[in-house]
Amino acid sequence: MMNVCTTKNTWIGEEYSPQLIETVNVMRRREESSFNCHDYLNASLSSLGLGTIDELWRQNTAEWMFKVIDFYDLDRDIVNAAMTYLDRMLSVSMFHHRLSKNQCCLLSMACLKLAIKVSTPDEHFRTSILYVH
């Protein structure tokens, strides 16, 4: 039995349909307004010394993550994932310049924990390393 698709074809000859073009335009407008990312390392408040996040802090955070990963003999690519999570979080947050030093450390630990949980296949290891007794 053949499955008949009832949706309209978005192609009209060699051109896109007007509905597809409008959908892409709406997506672009939403991306520009809602999903706007900020360069948290070059923000004016950080350059004035009002923020705790700068390039040195980011480098120290990455080095700390590598020490933790090396101590537990895990794949070093986990740090890449954790730093990606951290960068994404800070770039979409408009309040990154208001985070205290302790909040920044907590955020980096949470990103590392998430990266370990996602990247480590051994369930017993994940639960033993990630929970403080």
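**Notebook: salt bridges, core and confidence**

I started with a pair of charged side chains: Arg58 and Asp87 form a salt bridge, and their closest N and O atoms are 2.6 Å apart. For my notes, a salt bridge is a side-chain nitrogen of Lys or Arg within 4 Å of a carboxyl oxygen of Asp or Glu. Arg58 sits in helix α3 and Asp87 in helix α4, so this pair ties together parts that are 29 residues apart in sequence. Helices here are DSSP runs (H or I, at least four residues), strands are too (E, at least two), and both are numbered from the N terminus.

Before going on, I noted that this is a predicted model, where local features need pLDDT of at least 70 and side-chain atom pairs count only at pLDDT 80 or more, while totals for chains, interfaces and linings use all residues. Residues are numbered from 1 along each chain as its sequence is written, and side-chain values use heavy atoms, with hydrogens and water left out.

**Salt bridges, continued**

The cut-offs are under 20% relative accessible area for buried, over 50% for exposed, and partly exposed in between (1.4 Å probe, protein chains only).

How many salt bridges does the rule give? I got a count of 3. Asp70 pairs with Arg76, with 3.1 Å between the closest N and O atoms. Asp70 is partly exposed at 41%, and Arg76 is partly exposed at 44%. Glu22 and Arg29 also meet in a salt bridge, at 3.4 Å from N to O. Glu22 comes out partly exposed at 41%, and so does Arg29 at 46%.

**The core**

Next I looked up the largest nonpolar core, which has 19 residues. A nonpolar core is a set of buried Ala, Val, Leu, Ile, Met, Phe, Trp, Tyr and Cys residues joined through side-chain atoms within 4.5 Å. Which members touch the most others? They are Ile69, Ile78, Leu86 and Leu112. Two or more residues each come from α3 (55–71), α4 (77–92) and α5 (101–119). Helix α4 gives the most, with 7 residues.

I then clicked on Ile69 and left aside its neighbours within four places in sequence. Ile69 is in contact (heavy atoms within 4.5 Å) with Leu74, Asp75, Arg76, Ile78, Val79, Leu112 and Ile116. Arg76 is also the salt-bridge partner of Asp70.

**The whole chain**

I found 6 helices and 2 strands in the protein chain, and from the N terminus they run β-β-α-α-α-α-α-α. Of its 133 residues, 25% count as buried. Among contacts with a separation of 6 or more, 57% join residues 24 or more positions apart.

Last, I checked pLDDT, the predictor's confidence in each residue, from 0 to 100. The chain averages 75, and 62% of the residues score at least 70.
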